[in-house]
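Colleague: I have the file open and would like to go through it with you. Can you put it up?

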Amino acid sequence: MAGLIKREDIDEVRQRTDIKEVVDGYVTLKGAGLGSFKGLCPFHDERSPSFTVRPQVGRYHCFGCGEDGDVISFVQKLDHTSFHEAVEKLAARIGFELRYEDGGTGPNREDVGKRQRLLDAHKVADEFFRAQLLTPGAAEGRNFLYGRGFDRAAAEQFGVGYAPQGWDALLKHLRGRGYTDAELKLTGMFSEGNRGIYDRFRGRLIWPIRDIAGDTIGFGARKLYEDDQGPKYLNTPETTLYKKSQVLYGIDLAKRNIAKDRQLVVVEGYTDVMACHLAGVPTAVATCGTAFGADHIKIARRLLSDDGTGGEVIFTFDGDAAGQKAALRAFEEDQRFVAQTYVAVEPTGADPCELRQAKGDAAVRDLIGTRRPLFEFAIRASLKRHNLDTVEGRIAALRESAPVVAQIRDAGIRPAYARELAGWLGMPVEEVSRAVAVAAKRAAQGEAPAGQSGGQGAGSQRTGAAPGIAELPASGVVPSFNRPDPRDPVASMERQALEVALQEPAMLAGETWDRFSVATFRTPAYQAVHDAMRASGPGLTGDPVRWVEQVMHEVPEPLRPLVSELAVVPLPASNAEGVLKYCRDILARLFELQITRVKADKMGQLQRLDASAHPEEFQRLNRELMMLEMERRSLRSDA
């Protein structure tokens, strides 16, 4: 057995190693006074930096969790190595030759720690794959790279390699370097069958997956041949080195730029990372076969120094349904960041690699430059799930999107997005703002968002709806209606219109009925009465008695007293001419309100529309808006 490392050599390694340089490989440090540096602690999750390094004394200390030590203990804890291995790693870093007690020369292969042994095997495999990419048998792999805009220099920069076809090319190579089958089984680079182990990656393009310190810990492999029955991408399985939920491809290349630019770009694949870096976005990384989760966020926050002073995380996703789903999963983790989160989606759905091929490097940079806040993307995604051309669709969309607006951390931005949402929905700003306030209150109280609560009694009032928005009754359930607020000017005008329609139904003849029948009422009780009038039809408008009786028959039973009230309340006029004028004015106001609402709907469609992508639709909506405005002015002139 090898002897212990001499004490004086341990001291020499400790003294000659710059602890700041070592810690900088894991944590972004900033100056914090003379001779001190601060960053987010790598040992616990924190929002404000409390991890302090003082190179002069070779120590670190976290004032949050209490972790402290010297450079050797830091490497032990972060790399999960023994004291022996940590000293040897640091000695190799500074080129210092260690001496051992009892004439030893250090541990031989059998005595090296299991983790370091695995790392060494990955390093050898990495070199093997890269060498294979230059052989005649790898022509298909090189063609794949060239076809996506990557030359030999790009392949070398990212360490891309090739796994030969066959069953044991890598196996023979590593056995020849002294590795046993028992060791190789632990690497994840081999599968096992009845005849023993064989290469996991065969006839595939290979990307080395490295940790933040630059050590290769796994591989990603892309299928090249049609007769390959495996998945398109095949990664190293979970091993003691490789934990996919804690790995970001490209982090070793991007970490310095992430820290410098205070920006992290998350893409979906290895070629996307390559395309971004080559196009001038050197802060790009990718997850490895899993969603961007809590462990990835910890890595990102440490590199960004996510301490509330800026920084941004930009997610790029395909424009398809899977990409939108991934973006919304990312939004669920948004509250873990202090940095602002954004999403960049290319309109045609192209990923960064495809975009670079089609339009060049500048297009990739422009994609990142046109990022949108992630919460805006989440709001728009929720709106797409509803038919915004119907009242029911807009109400459902508001119920789903209001909690998203309520989650916006910046209190100054939240009201602005409530106004944006009102425009997209074509609804009053006040109504949307109230819905957002209700959602924020429910979230603070730990309640489920509106529409997600449990069942309630048929006669109870639902508290999940925003003020002024009626809950749609479930099938077979008798709805309940709140008494309309007499101080609400819109509700008051709607009531007056129904009074006119019930008491003077002759006013609804001809074109007036056509306009009246398509009107919508914001107040649920009044909308139900209007529905009953439409069901009764225009045939009875010449007979006021039968008209009211039929409407009473058509409305839900709880509203019959209201219909009776509307039918008998005195109209504010002293003579027939005054009644006629009053009825005309009220109906004109109703129709003007309908035009205003339709205009708001059209404006919402216009704001949601990409004019450059749909120029004809854009022009059509503008023409319709002009016609509606002319109609509104005509109504006002007639009144």
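Colleague: Start with β15. How many of its residues are buried?

Modeller: This is a predicted model. In it, β15 is mostly covered, with five of its five residues buried.

Colleague: Which way do the side chains of β15 point?

Modeller: E312, I314 and T316 point one way, while V313 and F315 point the other way. All of them are buried.

Colleague: In which sense does β15 pair with β16, and over how many bridges?

Modeller: Strand β15, residues 312-316, pairs with β16 in the parallel sense over five bridges. Within that pairing, V313 stands opposite T341, and I314 stands opposite Y342.

Colleague: And the pairing of β13 and β15?

Modeller: β13 and β15 are also joined, in the parallel sense, over four bridges. L264 has V313 in β15 as its bridge partner.

Colleague: How covered is β16?

Modeller: β16 covers residues 340-344 and is mostly covered, with four of its five residues buried. It pairs with β17 in the antiparallel sense over two bridges. There V343 stands opposite R372 in β17.

Colleague: What is the strand order in the sheet, and is the pairing parallel, antiparallel or mixed?

Modeller: Six strands form an open sheet, ordered β12-β14-β13-β15-β16-β17, with mixed pairing. The edge strands are β12 (248-249) and β17 (372-373), each of which pairs on one side only.

Colleague: What does helix α10 touch on that sheet?

Modeller: Helix α10, residues 251-261, packs on the sheet and touches β12, β13 (263-267) and β14. The direction of α10 makes about 130° with that of β14.

Colleague: And how does β12 pair with β14?

Modeller: β12 and β14 (residues 284-287) pair in the antiparallel sense over two bridges. L248 stands opposite T287 in β14.

Colleague: Now helix packing. What angle and axis distance do you get for α11 and α14?

Modeller: α11 (residues 270-279) and α14 (residues 352-359) pack at an angle of about 50°, and their axes are 7 Å apart. Because of that angle, α11 is oblique to α14.

Colleague: Which residues meet there?

Modeller: From α11, T271, D272, A275, C276, L278 and A279 meet P352, C353 and R356 in α14. By class, the contact has six nonpolar, one polar and two charged residues.

Colleague: Switching to the other sheet, the one with β1. What is the order there?

Modeller: Five strands form an open sheet in the order β1-β2-β3-β4-β5, and the pairing is antiparallel. Its edge strands are β1 and β5 (68-70), each pairing on one side only.

Colleague: How many bridges join β3 to β4?

Modeller: Four bridges join β3 (residues 51-54) to β4 (residues 59-62), and the two strands run antiparallel.

Colleague: Next, T28. Where does it lie?

Modeller: T28 lies in the loop between α2 (19-24) and β1 (30-31).

Colleague: Is T28 buried or exposed?

Modeller: T28 is buried, because its relative accessible area is 10%, and buried means under 20%.

Colleague: What does the side chain of T28 reach?

Modeller: It reaches the backbone oxygen of L303, at 2.5 Å.

Colleague: One more residue, A131. Where is it found, and what is its relative accessible area?

Modeller: A131 is found in helix α5, residues 114-132. Its relative accessible area is 44%, so A131 is partly exposed.

Colleague: How far apart are A131 and Y162?

Modeller: They are 31 residues apart in sequence and 7.9 Å apart in space, C-alpha to C-alpha.

Colleague: Last, some totals. How many helices and strands are there in the protein?

Modeller: There are 26 helices and 17 strands. Of the 639 residues, 47% are buried.

Colleague: And what share of the contacts join residues at least 24 apart in sequence?

Modeller: Among contacts between residues at least 6 apart in sequence, 65% join residues at least 24 apart.

Key. Residues numbered from 1 in each chain as written. Predicted model: local features only at pLDDT ≥ 70, side-chain atom pairs only at ≥ 80, totals over all residues. Heavy atoms only, no water. Pairing = 2+ DSSP bridges. Contact = heavy atoms within 4.5 Å. Axes fitted to C-alpha atoms, helices over the stretch in contact; angles between N-to-C directions. Buried < 20%, exposed > 50% of the residue type's maximum accessible area, 1.4 Å probe, protein only. Polar contact = N/O pair within 3.5 Å; in protein donor to acceptor, adjacent residues only side chain to side chain. Parallel < 35°, antiparallel > 145°, perpendicular 65-115°, else oblique. Nonpolar A, V, L, I, M, F, W, Y, C, P; charged D, E, K, R; others polar.
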